[in-house]
Amino acid sequence: MDQAERRTEQSAGSRVVVVGGGIAGLAAAHRLSARGVHVMVLEASERLGGKLHAGEIAGVPVDLGAESMLARRPEAVALARETGLAEDLRTTATTSASIWTRGALRPMPQGHVMGVPGDLAPLAASGVVSREGLARIEQDAELPRTEPGEDVAVGAYIAERLGREVVDRLVEPLLGGVYAGDAYRISMRAAVPQLFEAARTHRSLTEGVRALQARAAQAPAGPVFMGIDGGVGRLPIAVADAVRAAGGDIRTGTPVHRMTRTGGGWEMVAGDTLIEADGVVLAVPAPEAARLLAAESPAATAELTAVEYASMALVTLAFRRDDLGTLPDGSGFLVPPVDGRTIKASTFSSRKWGWLGEAGPGLFVLRTSVGRHGEEAVLEREDSDLARLSLDDLREATGLTARPVETVVTRWNSGLPQYPVGHLGRVARIREHVAKVPGLRVCGALYDGVGIPACIASARTAADELVATLAEGTGGGERE
C-alpha cells in the first residue's frame, strides 16, 4: 500500500498516540486526557486490558489474569476510584495461605520479608524448613557482612547469608508468584529493593529484616491487597470508558506496522491508516517496542532485544460446592519448584474473594498456575493435559476428588518480563536512548515493576514527561 492509498488522520492541537491497550497504556492515556491532550490508543489485539482479563466460567465472572492489586501502593486503588469503581473495591476475605512442600500443606510462616525471616519461631512452627535449615539461618547473626555491590541475585545473596533451604522452600515460591522466574537470577535491587537496602545497611540480613518490620509497624494499618467486585479485569474497561468520555479515541484490532519521526512529530501506519501525532507513548512489551524503534533508536532496540520473558498458564476450574468435600483452610497455596510438582500455585478464588462466592453461590472456583522461566516445556501440552495435571496435583495436595463442571485455560505467552541482575541499569539505558528521540516515552511492566500499581506509576511518569517536553516545544531531546 503506498502513501496515496492511505487515509491520513490528523487534528488541530496537541495529539499523542499511545501504542498498547494494556493497563499501562490506558493509564497513560487517562493521564494525558486529564492534562488536556487529545489521545488515541492503538491496541493490536481485539481486547483491551492486557494481563488484566475479565472473563467468565460456568456463568460466573472471574479474572483470567491478574486478580488483585497491591493496596499498599496507592496508584491502582486511586485509578479505580477515579474511574468510577470506588464502591466496587473489595478486600480479601482471607489472607492465610499455605506452602505445599516436603509432602504436606504447611502454613505460610508470618514475620518475613519475601521469605527472609525476622523471627525464626513462626518459620520453625510451620515445618517449611528443616532443623538443619533453621540452624543454618541462625548463622546469619555470626557471619561477617556480605557486600551486595551494585546488584546481586536475590537467591544467591540470601543463600549465602541463610542457606539454600530457605531460598528453595520459601523465597522461590514467593518470588515465582510475582515474576514466574528463578530466584537465583532475579535482581534483588530491582525486585526486592527493601531487602537490597537492608543488605547494604546491616551486617546481618535477619537484623535488617527486623528493622524493616519495625518501620512497617509504624505505618498506618490497611489491607495489603484489594480486588474489584466482578474482577480486577473491570479496571481497564473503566479506564477506557473514562478516556473515551474525555474525548479520547481507542481502537482495538489496530496493530502499528511502522512509526517514523518527522520534522514536527510522528507518522505511523496502523492498518490502512497513516496517523500523525505530536508525541508517542510506547506501552508494549520489549520485542514490540524494539521492532517499532529499530529505525529511530537502534541503541534502545539493542537493549530491548536483550530482555527475556517468562510464559505461564492459568487453569481456572469451577466445581459444584456439593461435590467439593472439604478443602484446607485459607486462600490457597504456593509450591516450591524444588518439590518437582507441575503447578506452582493454587488460589481458592471463591474463598479469597467474597464477591465471587456471592456471584456463584452453588459453585466453587479455584485456579492453578503452571510454567516459569526456563521451565516452560509443560506449556507445550494441550489445555486438557494442563487441566488434568492440575487436578492430579490438587488431589495430592488437598484430597480434592471432585470433577469440575467447567475448565478454562488461559495462556500468557511471554507474559512476564524478567528482572535479572543488572535490570535497572538496562532500564536506565533504554530510557536514556528513548529520551534522545523527540516526542517519545515508554512505560509498562518492563520498567518499574510488574504489579498493577507499578505499571500505572510508570504510565503516569511517561505521560507527564511527554507533556512537559511537548509544552516546551523540544519533543524530549536530540535525535540519535
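Predicted model: local features only at pLDDT ≥ 70, side-chain atom pairs only at ≥ 80, totals over all residues.
Residues are numbered from 1 along each chain as its sequence is written, and side-chain values use heavy atoms, leaving out hydrogens and water.

**Helix α8**

- Leu-195, Phe-196, Ala-198 and Ala-199 are buried in helix α8, residues 193-201 (buried means under 20% relative accessible area, with a 1.4 Å probe and protein chains only; helices are DSSP runs of H or I, at least four residues, and strands are runs of E, at least two, numbered from the N terminus).
- These residues lie on the same side of α8, because they cover an arc of only 160 degrees around the axis (taken from the directions from the helix axis to the C-beta atoms).
- The cover over the buried residues of α8 includes β10 (112-113), β11 (116-117), α5 (154-162), α7 (188-191) and α9 (205-218).

**Cysteines**

- The count of disulfides is zero, where a disulfide is a pair of cysteine sulfur atoms within 2.5 Å.
- The closest cysteine sulfur to that of Cys-455 belongs to Cys-443, and at 8.4 Å it is too far for a bond.
- Cys-443 is buried at 0% relative accessibility, and Cys-455 is buried at 6%.

**Ser-350**

- Ser-350 is located in helix α14, residues 349-352, and is buried with a relative accessible area of 8%.
- Its side chain reaches the backbone nitrogen of Val-365 at 2.7 Å.
- Beyond its neighbours within four places in sequence, Ser-350 has contacts that include Arg-321, Leu-356 and Phe-364 (contact means heavy atoms within 4.5 Å).

Conventions:
Buried < 20%, exposed > 50% of the residue type's maximum accessible area, 1.4 Å probe, protein only. Polar contact = N/O pair within 3.5 Å; in protein donor to acceptor, adjacent residues only side chain to side chain.
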